[in-house]
Amino acid sequence: KLDTIGIQITYCNIETEEIRRFKEERSSADLSVWFEGLIHEYVKWARYICHHNMRRQECLKELPFPYPYRDGQKELAVDVYRSIARKRNLFIQAPTGVGKTLSTIYPSLKAMGEGHGEKLFYLTAKTITRSVAEDAFSILRKESGLYFNTVTITAKEKLCIMEKPDCNPQACIRAKGHYDRVNDAVYEIIGDVDGITREKVLEYAGRYQICPFEFCLDISNWVDGIICDYNYVFDPNVRLKRYFDQGEPGQGYLFLVDEAHNLVDRGRNMYSAVLCKEDFLEVKKVVKEHSRKLERILEKCNKVLLEYKRECQDEYRVMENIGALALQLMNLLGEMENFLEREQEEKVRSAVLEFSFEVRHFLNMYDLLDENYVIYTYHGAEGRFYLTLFCVNPKVNLQECLNKGRGTVFFSATLLPMGYYRSLFSTREDDYAICAKSPFPRENLKLMIARDVSSKYTRRGQEEYGKLAQYILQTVTVKKGNYMVFFPSYKMLQDVYEIFEEKSSGMGLQSVLQSGNMTEGEKEEFLERFEGDQDGTLVGFCVMGGIFSEGIDLTGEKLIGAILVGTGLPQVGYEREILKNYYDEKNRAGFEYAYRYPGMNKVLQSAGRVIRTKEDRGIVLLLDERFLQRAYRELFPVEWGGYEICSLEDERGRVEEFWGD
């Protein structure tokens with residue numbers, strides 16, 4: 001009941017022990033106004049949460065499926081619901097056309113309606129699959145009356161209004177006063193928009209003059225579903241700390257992992273780390289005139305790496321222990337932090353800061369070292385020497401992230417063999433796994449395997465390339481339309497194309513070639529050739545495992561055939577050989593884990609471009625006799641049963657028979 005009260009805030013400088021106090025006196029009337037204003041704001045948000053959650057739960061309990069179920073779709077949805085209700089992981093191999101996106105999102109929403117989850121994370125590897133998820137939620141809102149808001153998180157670089165992100169208020173006009181305006185912006189957008197896309201984030205961020213990326217992250221706190229890249233959940237450097245660096249395991253998060261086959265390499269990359277010896281010398285030059293102590297520690301690290309370099313007589317060397325370097329790196333990181341607190345020169349600060357991030361990540365990954373890692377050194381280009389902590393199997397690290405949620409559904413059209421993916425994504429023995437049936441008539445697909453040609457290195461040459469070119473020519477000249485030919489490398493693509501061009505001269509065929517490092521505009525232009533109406537025949541020459549071999553949707557007459565040259569085996573390299581040796585020791589399946597399984601995944605993805613709807617008809621031609629080996633045939637999906645074996649002499653006749661010519 002005092003009329004006034006004194007308040008004081010005290011600051012202490014830890015290093016100098018200097019004390020500074022700031023005192024104010026406030027009246028009871030002033031504090032009442034302040035308190036009532038604060039509570040008014042609080043009640044506004046509390047009321048929103050209460051009403052929104054009640055309405056959402058009522059909607060989800062009664063939510064109908066938007067369309068009549070396709071064959072196998074209802075069973076798939078039931079399996080997803082059960083796995084979430086039982087707090088299990090589920091692996092789904094589901095061919096194109098099953099409707100994987102709706103078949104996983106819908107039962108997840110129903111599970112949330114029954115109290116089996118609080119927030120849904122739809123995780124993707126590519127931008128195009130994020131659009132598919134946005135469309136699925138949009139369909140459910142339009143056709144089923146779904147009340148459930150989502151936000152799509154986009155990378156900072158794609159949202160930032162500046163040429164290069166700089167979150168200093170002196171550099172960015174949006175950063176200055178951001179926190180004074182962001183709450184009103186969040187409240188407005190979640191009240192106005194159900195499906196908050198990148199475009200909506202930019203629109204409202206511009207209206208309120210706030211940072212679009214931070215705005216996007218703040219929105220995620222208040223929505224029911226988040227559509228984002230894998231790294232926002234799994235990557236230790238990027239994951240959303242507000243969800244995954246705090247709290248107990250088993251929170252009410254549901255994870256839907258789309259195109260899950262991509263998580264193999266992504267997972268390995270997220271939990272691996274690399275240091276380059278020459279980087280230490282470059283930073284040492286930068287700090288030489290600024291800190292003798294930091295220079296000395298950098299030199300000590302360099303000497304250890306120099307010793308590793310001398311010991312690495314071959315192209316690469318696997319190491320058992322790097323404890324000596326790790327100790328020096330800890331000292332280095334501590335001294336770099338001290339240096340950054342003192343140093344004012346921007347160029348020097350920037351160089352040390354960037355390098356400190358690399359060292360910190362390396363030490364963080366060093367702390368995770370276990371039997372799932374291999375340490376190795378190798379000699380790189382231009383005389384540079386590298387030390388790598390290679391996460392061969394990311395399952396332990398991924399599982400730690402998955403434990404933050406209630407249940408996870410991994411799904412893809414190419415999740416074969418299932419045991420391979422389960423061994424890389426999860427440590428649990430009680431995971432579920434199902435293979436969904438294709439809803440498409442088997443007779444709509446003509447699958448042929450050539451028995452007289454191969455892409456083996458020992459067979460490559462003009463004679464073999466001539467046969468490959470002849471196979472392509474015979475296939476694409478039976479019926480006018482669009483075709484894609486997939487090769488194991490750009491070099492083979494170019495070599496075979498030159499022969500094909502010579503053979504097809506004067507036939508009026510059109511060709512378009514994928515090239516390395518295509519710009520976004522060039523990619524769009526390439527695909528537009530297939531999207532447009534044309535009377536003749538278009539042949540796209542592409543690379544297997546590249547940007548046009550998955551994630552694109554060319555339905556109907558937009559693509560009527562895919563010709564696959566080779567088994568998709570990755571190129572031999574340090575890490576592939578390390579993987580092979582590692583799994584030979586683990587389960588005697590080194591070649592399978594390092595080469596065959598990743599290669600067949602590329603094959604299945606490329607072949608999957610042809611049949612996208614019930615009405616589609618098309619040809620898939622596998623040009624490599626190795627596909628007839630049992631080890632490869634066992635990896636074929638169910639819908640590939642009934643394939644035909646052909647030769648150069650009878651292949652054209654089989655194609656003509658299929659098209660009815």
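Does Arg588 count as buried, partly exposed or exposed, and at what relative accessibility? Arg588 counts as exposed, at 76% relative accessibility; exposed means over 50% relative accessible area, buried under 20%, and partly exposed in between, with a 1.4 Å probe and protein chains only.

## Basis of the model

The model is predicted: local features need pLDDT of at least 70, side-chain atom pairs count only at pLDDT 80 or more, and totals for chains, interfaces and linings use all residues. Residues are numbered from 1 along each chain as its sequence is written, and side-chain values use heavy atoms, with hydrogens and water left out.

## Overall fold

The chain has 24 helices and 21 strands, taken as DSSP runs (H or I of at least four residues for helices, E of at least two for strands) and numbered from the N terminus. Its radius of gyration is 29 Å, close to the 26 Å that the globule rule gives for 661 residues, so the chain is as compact as a globular protein of that length. The radius is taken over C-alpha atoms, and the rule is 2.2 Å times the number of residues to the power 0.38.

Along its principal axes the C-alpha trace spans about 100 × 70 × 50 Å. Of the 661 residues, 50% count as buried. Among contacts (heavy atoms within 4.5 Å) between residues at least 6 apart in sequence, 77% join residues at least 24 apart.

Strand S8 (residues 253-257) is mostly covered, with five of its five residues buried. Tyr253, Phe255 and Val257 lie on one side, Leu254 and Leu256 on the other.

S8 is joined to two strands, where pairing requires at least two bridges found by DSSP. Five bridges link strand S4 (residues 119-124) to S8, and the two run parallel; here Tyr122 stands opposite Leu256. Four bridges link S8 to strand S13 (residues 407-412), again in parallel, and Val257 stands opposite Phe410 of S13.

## Helix H12

In helix H12 (residues 277-287), the buried residues include Lys277, Glu278, Asp279, Phe280, Val283 and Val287. Their cover includes strand S9 (273-276), helix H13 (292-311), H14, H15 and strand S12 (385-391).

## Glu343

Glu343 sits in the loop between helix H14 (323-342) and helix H15 (346-366). Glu343 is buried yet has no salt bridge, and the nearest side chain of opposite charge, Arg342, is 6.9 Å away. A salt bridge is a side-chain nitrogen of Lys or Arg within 4 Å of a carboxyl oxygen of Asp or Glu; for charge, Lys and Arg count as positive, Asp and Glu as negative, and His and the chain ends are not counted.

The side chain of Glu343 reaches the backbone nitrogen of Glu345 at 3.1 Å. Neighbours within four places in sequence aside, Glu343 is in contact with His290, Val348 and Arg349.

## Backbone exceptions

Most residues other than glycine have a negative phi, and most peptide bonds are trans. Gln209, which is not a glycine, has a positive phi of about 55 degrees. Gln209 lies in the loop between helix H7 (198-208) and helix H8 (212-220) and counts as partly exposed, at 34% relative accessibility. Arg588 also has a positive phi, near 55 degrees, and is found in the loop between helix H21 (574-587) and helix H22 (590-607).

A cis peptide bond joins Leu416 and Pro417, with omega about -5 degrees. Pro417 lies in the loop between S13 and helix H17 (418-425).

Terms used:
Polar contact = N/O pair within 3.5 Å; in protein donor to acceptor, adjacent residues only side chain to side chain.
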